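Keep the structure open as you read.

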Amino acid sequence: MARKNYRTCVRMGNWNEDIFLEETTLSVIEDGLIHYGDKVLIMNPDYKDPSGGQVIFGRLALAVTPEEMKAHMSNEIEVPCEVTAMPNVKPIGRNTFIILSLDENALGKTVRYGQNFGLATTAGFDHKMFYLGSSLKTPINSTKKSALQEVHLTDEFTFFTCWQAAYFDPRLRIEYEDFPVPANAKIVIKHCHTNQALAANRKYSLRTYFGKECEVACHTHIDCHKSEKPLNHWVLCTGDPNDHSSIILDRYEPSEKKMVPEQPVVSTDAPTIDLTGQSPFPQPYAGNEQNCNF
């Protein structure tokens, strides 16, 4: 009977791939908020671009993407290392990130809109940590397909690896400043140094060591209402306490039909933010979005 006769700690066979794809446990939270030190999956929710040209569909997760030859030949991740958005949102080594604080005493405290934080990953390797960063675009330093500001992993935690969360609705962004960042809800992640927003460029696919994945850039895509487009929307997903191999959103994924009641419902309950990332406040710009794409 054939059986696997090596483990990821033994440098034989495709051990690097095993480490990248090894299942990871995300943080399980009770208060519905993101904290410094939490392990999360950074997901770009599924959407359909009315302007067309989209080649990658479904939910995407930010992931570590080493070069194929380097992944085979080296026992380490060489920096700067590329990041992509992968179609599998199952928490594994290469798509699990840790929320870091610039203050060592902030561990366990809630992350707030407008506060600086870092996004780090071990990519499955326990002895080293890598930090998500970006820098200004240059003729020789840009994304492969879209030629926008690139996003990469580095081994140094600096101002170039600092990010902020912004409320996804720009009309309410000022009101939400300094409020706690909710888990499993849509936000915009902005790079502190360049003020550009993290984006999953679904019009551009890349062939990687793990298959076809989506290009990730640092660029704010604005519609005609000066609101970030869905490719700039992200969700910090936490773990399902009943199933460590999945995210909490898998338990709360109502269809669009179920979200719209057949009859008007009168309620006196205070508005809350639900786990699907929908705002309790009126949605902005409820017009024909097809006229807003440039």
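A salt bridge is a side-chain nitrogen of Lys or Arg within 4 Å of a carboxyl oxygen of Asp or Glu. Side chains of opposite charge can pair when their charged atoms come close. This is a predicted model: local features need pLDDT of at least 70, side-chain atom pairs count only at pLDDT 80 or more, and totals for chains, interfaces and linings use all residues. Residues are numbered from 1 along each chain as its sequence is written, and side-chain values use heavy atoms, with hydrogens and water left out.

**The chain as a whole**

The protein chain has four helices and 14 strands. Helices (H or I, at least four residues) and strands (E, at least two) are DSSP runs, numbered from the N terminus. Of the 294 residues in the protein chain, 47% are buried. Buried means under 20% relative accessible area, exposed over 50%, and partly exposed in between (1.4 Å probe, protein chains only). A contact means heavy atoms within 4.5 Å. Among contacts with a separation of 6 or more, 70% are between residues 24 or more positions apart.

**The salt bridges**

How many salt bridges are there by this rule? The count is eight.

| glutamate 23 | lysine 90 | 2.7 Å |

Take glutamate 23 and lysine 90, which meet in a salt bridge. The pair links distant parts of the chain, 67 residues apart. Glutamate 23 is in the loop between α1 (15–21) and β1 (39–44), and lysine 90 is in the loop between β3 (81–86) and β4 (96–100). Glutamate 23 counts as partly exposed because its relative accessibility is 47%. Lysine 90, at 33%, is also partly exposed.

Arginine 94 sits in the loop between β3 and β4, while glutamate 213 is in strand β11 (residues 211–218), 119 residues away. Arginine 94 has 1% relative accessibility, so it counts as buried. Glutamate 213 is buried too, at 3%.

Glutamate 228 lies in the loop between β11 and β12 (233–237) and lysine 190 in strand β9 (residues 186–191), so the pair ties together parts 38 residues apart in sequence. Are these two residues buried or exposed? Both glutamate 228 and lysine 190 are buried. Salt bridges with shared partners join Arg173, Lys190 and Glu228 into one network.
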